[in-house]
Amino acid sequence: MKKAIINTFAILGLVFLTSMFFNHSTAQSSAKKSIEGKPISAGIMEIAEKSCVKCHSEGGKGIAMMHLNLSDWNNISMEKQAGKAKEMCKMVSKGMMPKKKIREKQADGVPSQEEVKTICHWAQSIQ
Ligand code: HEC
């Protein structure tokens, strides 16, 4: 009988410790998510102004804005910014952004190789 009581306490203790542990770790990850992001650096914004904002900022295209809204950049968390920046690097490296039709019509809006590198370095720097 005594043993059963001790066991019960042991189990309760374990449950308590486990819940503490989980509470602690969720508190930490939500803290990370709420870290405020940083504005896009001037050099990157210059490239974006030339090549991306037409579709990816206020007044831009609906679908484009759903994926990437540069006007809203300062209001998203650091974690989200890191993810978006990575996508931006991926899309420009593969030549998938700006879209093919636009690239043909407005060649001057296509980022140069140098600019693609700049975007990717920046993306890496904020991961
Ligand atoms: C002519 C309009 C236009 C321009 C200019 C443009 N985009 Fe896009 N972008 C879109 C559209 C539309 C989508 C939605 C997805 C699709 O249709 O492929 C998109 C999607 C994206 C996505 C999300 C991709 C995914 O699969 O989730 C990223 C990242 C992106 N664009 C980055 C850029 C960057 C960086 C530039 C500038 C170098 C740029 N875009 C220029 C129209 C544009």
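Donors are N, O and S atoms within 2.8 Å of the metal (3.2 Å for Na, K and Ca); water is not among the atoms, so sites may look incomplete.

The model is predicted: local features need pLDDT of at least 70, side-chain atom pairs count only at pLDDT 80 or more, and totals for chains, interfaces and linings use all residues. Residues are numbered from 1 along each chain as its sequence is written, and side-chain values use heavy atoms, with hydrogens and water left out.

**Iron and ligand**

His56 (NE2) and Met97 (SD) coordinate the iron atom at 1.9 to 2.2 Å. The pair links distant parts of the chain, 41 residues apart. His56 sits in helix H3 (residues 53-56), while Met97 is in the loop between helix H5 (78-93) and helix H6 (100-105). Helices here are DSSP runs of H or I with at least four residues, and strands are E runs of at least two, numbered from the N terminus.

His56 is buried because its relative accessible area is 10%. Met97 reaches 23%, so Met97 counts as partly exposed. The cut-offs are under 20% for buried, over 50% for exposed and in between for partly exposed (1.4 Å probe, protein chains only).

The peptide bond from Met97 to Pro98 is cis, with omega near -10°. Pro98 also belongs to the loop between H5 and H6.

In total, 16 residues surround the ligand. The closest are Cys52, Cys55, His56, Met97 and Lys99. A residue qualifies if one of its heavy atoms lies within 4 Å.

| Side chain | Ligand atom | Distance |
|---|---|---|
| His56 | nitrogen | 2.8 Å |
| His67 | oxygen | 3.0 Å |
| Lys99 | oxygen | 2.9 Å |

**The chain as a whole**

The chain has 7 helices and 0 strands. Of its 127 residues, 25% count as buried. Among contacts (heavy atoms within 4.5 Å) between residues at least 6 apart in sequence, 56% join residues at least 24 apart.

**Three further residues**

Ser57 lies in the loop between H3 and helix H4 (62-67). Its relative accessibility is 12%, so Ser57 counts as buried. A polar atom of the Ser57 side chain is 2.9 Å from the backbone oxygen of Val53. Leaving aside neighbours within four places in sequence, Ser57 contacts Met65, Asn69, Leu70 and Ser71.

Gln81 is part of helix H5. With a relative accessible area of 3%, Gln81 is buried. Its C-alpha is 8.2 Å from that of Lys38, 43 residues apart in sequence. Beyond four places in sequence, Gln81 touches Gly37, Lys38, Trp73, Asn74, Ile76 and Ile126.

Which helix holds Glu115? Glu115 lies in helix H7 (residues 113-125). The C-alpha atoms of Glu115 and Gly43 are separated by 9.2 Å, at 72 residues apart along the chain. Not counting residues up to four places away, Glu115 touches Ile47, Lys50 and Val110.

Definitions and conventions:
Polar contact = N/O pair within 3.5 Å; in protein donor to acceptor, adjacent residues only side chain to side chain.
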